Amino acid sequence: MRFIYPGSFDPVTRGHMDLIKRAAAICDELVVAAMYNPAKTGLFPPEMRYEFLKKSCKNLKNVKICISSGLLSDIIKEEGCDAIVRGVRNLSDYETERDRAVMNKQLSGVDTILLYAGAEYLHVSSSVVRELMHFDGDISGLIPAEILEDVQTYKKNSKA
């Protein structure tokens, strides 16, 4: 079985990595798709998000990283994926993911598997990381150690 875990990963967090590791353990190959909308501005450029994922997942042998500005249904077809993996932290996430799952099933024909966030990651999100960065807060416990220096350097150089 080949699963896909799509997200903006702006930036990738320890919560994302927990889901990536758990999803990779239950499938033959996991495609982690860094998605971006060219009409929206994220904090980190898409290519940087891709590199952050590559560094963070380097020891996971059955994980493939890709980047796309297209429809998830198109990537699912291109990559030959059998299911979508999404993470859920709370009721709001569940409702959002339920609606996405229905639409993705219609567009791609594949089901969505929801994985619940580990208790230690319920408070972790990319938006929390970005807000802490804005106020010079400590993000070291929220993002993978492999990218901490890169994230801090980017912030310093871009005044993020």
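This is a predicted model: local features need pLDDT of at least 70, side-chain atom pairs count only at pLDDT 80 or more; totals for chains, interfaces and linings use all residues.
Biologist: Now for the rings. How many aromatic pairs does the structure hold?

Modeller: Three. Take Tyr-5 and Phe-9: their ring centres are 5.3 Å apart and their planes sit at 85°.

Biologist: What makes the pair of Tyr-5 and Phe-9 stacked or edge-to-face?

Modeller: Two checks. Centres have to lie within 6.5 Å for a pair, and 5.3 Å passes. Planes over 60 degrees apart count as edge-to-face, so at 85° that's the name this pair gets. Both Tyr-5 and Phe-9 are buried, too.

Biologist: Then what is the pair of Phe-44 and Tyr-154 called, and why?

Modeller: Tilted. The centres are 5.0 Å apart and the planes make 40°. Stacked needs under 30 degrees and edge-to-face needs over 60, so 40° falls into the remaining class.

Biologist: What does the pair of Phe-44 and Tyr-154 tie together?

Modeller: Phe-44 is in the loop between strand E2 (29-35) and helix H2 (46-56), while Tyr-154 is in helix H6 (residues 145-158), so the pair joins parts that are 110 residues apart in sequence.

Biologist: On to helix H3. How do you know where its buried residues sit around the axis?

Modeller: In H3, residues 72-79, the buried ones are Leu-72, Ser-73, Ile-75, Ile-76 and Glu-79. They cover an arc of only 160° around the axis, so they lie on the same side of H3. The face turned away from that buried side carries Lys-77 and Glu-78, which are exposed.

Biologist: What do the buried residues of H3 pack against?

Modeller: Strands E1 (2-7), E2, E3 (63-68) and E4 (83-88), plus H4.

Biologist: Which residues of the largest nonpolar core touch the most other members?

Modeller: Among the 33 residues of that core, they are Ile-20, Leu-30, Val-32, Leu-53, Val-63 and Val-151. Helix H1 (14-24) is one of the elements giving two or more residues, and H1 gives the most, with five.

Biologist: What does Ile-20 touch, not counting residues up to four places away in sequence?

Modeller: Tyr-5, Leu-30, Val-32, Leu-53, Cys-57, Leu-60 and Val-63. There's also a second, separate core of 11 residues, which includes Val-31, Leu-72, Ile-84 and Val-110.

Biologist: Last one: how do you know where empty space is left?

Modeller: Rolling a probe the size of a water molecule over the atoms shows it. In this model, the largest pocket has about 1,300 Å³ of space. Its lining counts 45 residues, and the closest to the centre are Pro-6, Gly-7, Ser-8, Arg-86 and Arg-100. H4 gives the most to the lining, with seven residues.

Definitions and conventions: Residues are numbered from 1 along each chain as its sequence is written. Side-chain values use heavy atoms; hydrogens and water are left out. Rings of Phe, Tyr and Trp (its six-membered ring) pair if their centres lie within 6.5 Å; planes under 30 degrees apart count as stacked, over 60 as edge-to-face and the rest as tilted. Buried means under 20% relative accessible area, exposed over 50%, partly exposed in between (1.4 Å probe, protein chains only). Helices (H or I, at least four residues) and strands (E, at least two) are DSSP runs, numbered from the N terminus. The arc is that of the directions from the helix axis to the C-beta atoms. Contact means heavy atoms within 4.5 Å. A nonpolar core is a set of buried Ala, Val, Leu, Ile, Met, Phe, Trp, Tyr and Cys residues joined through side-chain atoms within 4.5 Å. On a 1 Å grid over the protein atoms alone, a cavity is a set of points where a 1.4 Å probe fits but cannot get out, and a pocket is an open set with protein on both sides within 12 Å along at least five of seven lines; lining residues have an atom within 4 Å of a point. Grid points are joined across faces, edges and corners, and a volume is the space filled by probe spheres set on the points.
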